[in-house]
Amino acid sequence: MLLLGIDLGTSAVKVSVLDAESRRCVASAHYPETEVELIAPRPGWAEQSPEGWWEHVQQAVLKCHATGSYHPEDIGAIGISYQMHGLVLVDKDQNVLRNAIIWCDGRAVAIGERAFAGLGEHFCLSHLLNSPGNFTATKLAWVREHEPERYDRIDKLLLPGDFIAMKLTGVVGTTVSALSEGIFWDFREHSLSHDVMQYLGLDDRFIPTLQPLFSEHGRVSEPVAARLGLKAGIPVAYKAGDQLNNAFSLNVLEPGEVAATAGTSGVIYGVSDALQYDPGSRINSFAHVNHTQESPRIGVLLCINGAGIFNRWVRNLAGAQHSYESLNQAAAAVAPGADGLRMLPFGNGAERMLGNRIVGAHCHRLDFNMHGTGHLVRAAQEGIAFAFRYGLDIMRAGGMRPSVIRAGRANLFRSPVFAQAFVDATGVPVELHDTDGAAGAALGAGVGCGLYAGPAAAFSGRAPLALIEPKAGAIYEALYQEWKTLLALQLQNIHMAGASGPDTLNT
């Protein structure tokens, strides 16, 4: 039996087919070849076409079939991972009513701020585990306020993964995890938050039927099966947001276990058995893939906007003749500390862990006569590692103290310099695994269709590729404290600027 995993990202769709018994990836593909562009009708807005997503999913599946590595009719279940927090609206005929308002869209920030004050900060943090912020619920409130005619035609609101499952099966449903990431879920009452719905003026009937995350979310319809070369009636058996799924793909399921990813943004994601929240709202808490009322499993997520995007910026600066591999080799030829060069990587908008302030990226002590390309790359990657340490310390203050962190061998973790700097800066060993979001979604489908006894059983027999342990902890502790002082000076400059405000200043 084969398992198909779909990973709906912001820039592309990736699919993987796994052999259910060996857990080995048989084939994978992504579509389109070039990065999907965002639709930005106004500054700060970000939309994508849900029907465009569906087209990309179909093309990626067919492209994977075209490898000839397997028989498509042997696929027995499908799992879905998806970009979190997006809003998809459909009418009673399952027609899309507007472009999806996706995770990085900022139009509903003011609505979220009003709701945080109006509902009460203590209520929001203790019941929702988050401020309403710029999540799915406030995006829907924006539609109600600004597009009332479209709002009146809504039959159901969907998260992106719910939409793809609907296109595959014709069935509309959602999960507690999805509602929690949309800030619709009351963890204290273990129900839809009627307080949020009433305060924002939203209609309860828009919420789809709730289903367990690992369960049947419908079966592939005959027309879709014919189009995609699949057997009609196979179940969609798993749906999870991308960061939850990334943690699941690394077998991060139980309290104290922690995962990290370092793509465009960087994420540290830990699991707690308490209804945990950060009083400063610097981290977010959602229902993890295996959360239940009886056995809470809360995913505690810290996001760093400026991670791999900073590494990519340095590569662009260095020139297209440089590959990431050649730049990593140049960085490896430079000693830790990059001969005094220090970089702050916060050039990708407001950083939540820094109080939603726009700090900007900064380069300190650049010496034209000493520093070359290798120094720039090493300083950038060390600066990103220090940002991870800063975020992990916030999580440690909340009780999350990992003895090991799991990561996929992908993106920045392909760089030996970054991986070792991350370990030395945080003081925590890293297990590198051969996995990704699409593979995780495929394994989730195996759990949801009953092929595996439970989430942990999906990882039976799998072992890490490598364990990276601290080598230069004392050196990196001193470097981190110096970097942290530079960050504190930048934050102080922003505070002293005052009149410009944190949303406009970029020093």
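Biologist: How many of the residues of strand β18 (residues 342-346) are buried?

Modeller: This is a predicted model, in which local features need pLDDT of at least 70 and side-chain atom pairs count only at pLDDT 80 or more, while totals for chains, interfaces and linings use all residues. Residues are numbered from 1 along each chain as its sequence is written, and side-chain values use heavy atoms, with hydrogens and water left out. Five of the five residues of β18 are buried, so the strand is largely enclosed by the rest of the structure. Buried means under 20% relative accessible area, exposed over 50% and partly exposed in between, with a 1.4 Å probe and protein chains only; strands (E, at least two residues) and helices (H or I, at least four) are DSSP runs numbered from the N terminus.

Biologist: Which way do the side chains of β18 point?

Modeller: In a regular strand the side chains alternate between the two faces of the sheet. Here Arg342, Leu344 and Phe346 point one way, Met343 and Pro345 point the other way, and all are buried.

Biologist: Which strand pairs with β18, and in what sense?

Modeller: Strands pair if DSSP finds at least two bridges between them. β18 pairs with β19 (residues 360-364) in the antiparallel sense over five bridges, and Arg342 has His364 of β19 as its bridge partner.

Biologist: At what angle do helices α11 (residues 308-318) and α13 (residues 373-397) pack?

Modeller: The angle is about 170°, with the axes 9 Å apart, where axes are lines fitted to C-alpha atoms over the stretch in contact, and angles run from 0 to 180 degrees between N-to-C directions. α11 is therefore roughly antiparallel to α13 (over 145 degrees; under 35 is roughly parallel, 65 to 115 roughly perpendicular, the rest oblique).
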